[in-house]
Amino acid sequence: MHVVESVQSRSEADRRRIALGLFLAYGLFWSLLAVAPVSRQDWLLENLLAVGLVTTLVFTYRRFPFSLTSYALIAAFMVLHAIGAHYTYSEVPFGFWLKDVLALSRNPFDRLVHFAYGLLLAYPLRELLVRLAGLRGGWSYFLPVSGVLAQSGFFEVVEAIVAMIVSPELGSMYLGTQGDEWDAQKDMAAAFGGAVLAMALTVWLERNRTLDSA
């Protein structure tokens, strides 16, 4: 019994260290990109929700610690967001490189981040729903996808309202529309596609895990 408890406590301690490492690594990266962003006002707007999310994760850690997989996925998304906030999404150099390579009409970095939103955050959302709401079966894969789509639409509305209230003159830069009147809808479709792919991969991995343990 003491051996089992010792192993469990050591495993929990390792998990905490890794989670703390992810948090510190992201914090360092975020701090570096906070120095001399392309537009300080846009950077502040972009980071309102980001700071809120990180703060929520920190203060709810003891009550609801996510798996390390979820924390790693969240950290990966937050890194992408920090890059977009530093350069402004429509001015990220990697996006211009993709634009030239793929002969696109616009910088696609913002679209990639919306896709990553679904791809990287659908799994943590599923974990939240499974553990708190007890979802099982197909609902545990369907609701994270619909949740990501709903969140994506909600954030498009929130971003528009924030831009109008806080800094109307930065609206186009903050929203990253780049002259595309269907930008919001395409961003939502990208997030939806990422979430569908994430849940398809989750189904595949869980089935393989079941077969390996059989």
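1. Helix 5 contributes the most to the lining of the largest pocket, with nine residues (helices being DSSP runs of H or I of at least four residues, numbered from the N terminus). The model is predicted: local features need pLDDT of at least 70 and side-chain atom pairs count only at pLDDT 80 or more, while totals for chains, interfaces and linings use all residues. Residues are numbered from 1 along each chain as its sequence is written, and side-chain values use heavy atoms, with hydrogens and water left out.

2. The lining of the largest pocket comprises 34 residues, and Leu53, Phe77, Tyr117, Leu121 and Phe155 lie nearest the centre. Two or more lining residues come from each of helix 2 (40–59), helix 3 (68–87), helix 5 (109–133), helix 6 (139–166) and helix 7 (171–175).

3. The space in the largest pocket is about 870 Å³. Here a pocket is an open set of points on a 1 Å grid over the protein atoms alone, where a 1.4 Å probe fits, with protein on both sides within 12 Å along at least five of seven lines; lining residues have an atom within 4 Å of a point. Points are joined across faces, edges and corners, and the volume is the space filled by probe spheres set on them.

4. The second largest pocket holds about 450 Å³ of space. Its lining has 18 residues, with Ala19, Phe23, Leu57, Tyr61 and Tyr71 closest to the centre. Helix 1 (2–33), helix 2 and helix 3 each give two or more residues to this lining, and the largest share, eight residues, is from helix 1.
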